[in-house]
Amino acid sequence: MPHPKHAFTRTLLASAAAVLLGSVALSAQAETRVTYKSASAGTAYYQMGVELSEAIRRGTDGEVELTLEESQGSVQNVMEVMARQGNYVFTTPPGLVEQAMAGEGPFAERQSPRFEEIRGLFPIPAITMHFVVAGDEGVIGLEDLEDKHILIGRGTFGAREAERYLELFDMLERVRVANAEVGSGPDALKNGQIDAFVTASSFPTPNVIETAASMPISLVSLSDEQIERTGAARQTIPAGTYNGVDEDVETTSLPVIAYTTADMDEETAYTLTKTFWERRDAMAEESPWWGSITQDMIGNIAGSLHPGAVRYYDEAGIDFPDDLR
């Protein structure tokens, strides 16, 4: 028969093991998994997803884990709301959410009541228009593109927007548009095959940094009147963002928002939103494009905010339009 003292020790050890196993099971259970769908690998927005995933992991001590999924773009991200359950976070311009809810544009043939369940969380860096021109002037006007050979790309938001601006300001007939993909712009500019290229991405965008490091460039800055006529959101690229561009550049941008659905519970939405804003400055130190995020960008959200995000904004004293509640 075992000594009572030994039996007591064994009981104590068994209890400790049970507590330990219980806490391990509890911590495994406590980890919240979130799918994050943004863009295709190799793009600026996919890289942002990598950075945001790490920021959320650090900010929650690993309690919330963002799993990145590659995407073919914003329309696909919104379409997937029809089939996704649980913690699905995706990025898209707010205009697409409005179209989905109204059953218009790319969603006209594929309408779903699920689109009404889309809820906003927080803004991410906007898609900013860059007109990049060979030359050391630093900042030039749109009219200075006259007689230049310009690569605007095909089928992208940037290409459509560039063509719209050139047409809007009677420049389309006064420039030569190169027939090539926008990805070849930096090399073609360096090789002297073109005079300018247009790219739409968050600033500072890697292909413009790389181009400015190897040759003198200028950026087109739009006047207040021109920005107003485009109907797009104003965006300032601060002086010194790119080598040789020592003045502020006034251009336009397309807001981009991180959304989820009503399937996400309030606590998870609260934690994601809180952690994003609390880690924003640390993210900006490592990747400057996060520094472009301001609280007034919350007003760009289409539809309504997730109740968990509302809770955080109210708690932090951050103002936002009442119609987002």
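1. The buried residues of α10 (residues 307–316) pack against β4 (118–134), α9 and β12 (304–305). They are G308, A309, V310, Y312 and Y313. Buried means under 20% relative accessible area with a 1.4 Å probe, protein chains only; contact means heavy atoms within 4.5 Å. Helices (H or I, at least four residues) and strands (E, at least two) are DSSP runs, numbered from the N terminus. After α10 comes G317, whose phi is positive, near 70 degrees.

2. The model is predicted: local features need pLDDT of at least 70, side-chain atom pairs count only at pLDDT 80 or more, and totals for chains, interfaces and linings use all residues. Residues are numbered from 1 along each chain as its sequence is written, and side-chain values use heavy atoms, with hydrogens and water left out.

3. Helix α9 (residues 266–286) packs with α10 at an angle of about 45 degrees, their axes lying 7 Å apart. Axes are lines fitted to C-alpha atoms, for helices over the stretch in contact, and angles run from 0 to 180 degrees between N-to-C directions. The two helices are therefore oblique to each other, a class left over once angles under 35 degrees (roughly parallel), over 145 (roughly antiparallel) and 65 to 115 (roughly perpendicular) are set aside.

4. On the α9 side, E266, E267, A269, Y270, T273, K274 and W277 meet P307, G308, A309, R311, Y312, Y313 and E315 of α10. By class, this contact has 7 nonpolar, 2 polar and 5 charged residues. Ala, Val, Leu, Ile, Met, Phe, Trp, Tyr, Cys and Pro count as nonpolar, Asp, Glu, Lys and Arg as charged, and the others, Gly among them, as polar.

5. Helix α2 (residues 44–59) also packs with α9, at an angle of about 120 degrees and with axes 9 Å apart. Here E51, L52, A55, I56, R58 and G59 of α2 meet L272, T275, F276, R279, M283 and E286 of α9. The contact comprises 6 nonpolar, 2 polar and 4 charged residues.

6. The largest nonpolar core has 53 residues, of which L52, F122, L272, W290, I298, L305 and Y313 touch the most other members. Such a core is a set of buried Ala, Val, Leu, Ile, Met, Phe, Trp, Tyr and Cys residues joined through side-chain atoms within 4.5 Å. Apart from it lies another core, of 19 residues, among them L142, L145, I152 and I227.

7. Of the 325 residues of the protein chain, 47% count as buried. Its secondary structure comes to 10 helices and 12 strands.

Key:
Buried means under 20% relative accessible area, exposed over 50%, partly exposed in between (1.4 Å probe, protein chains only).
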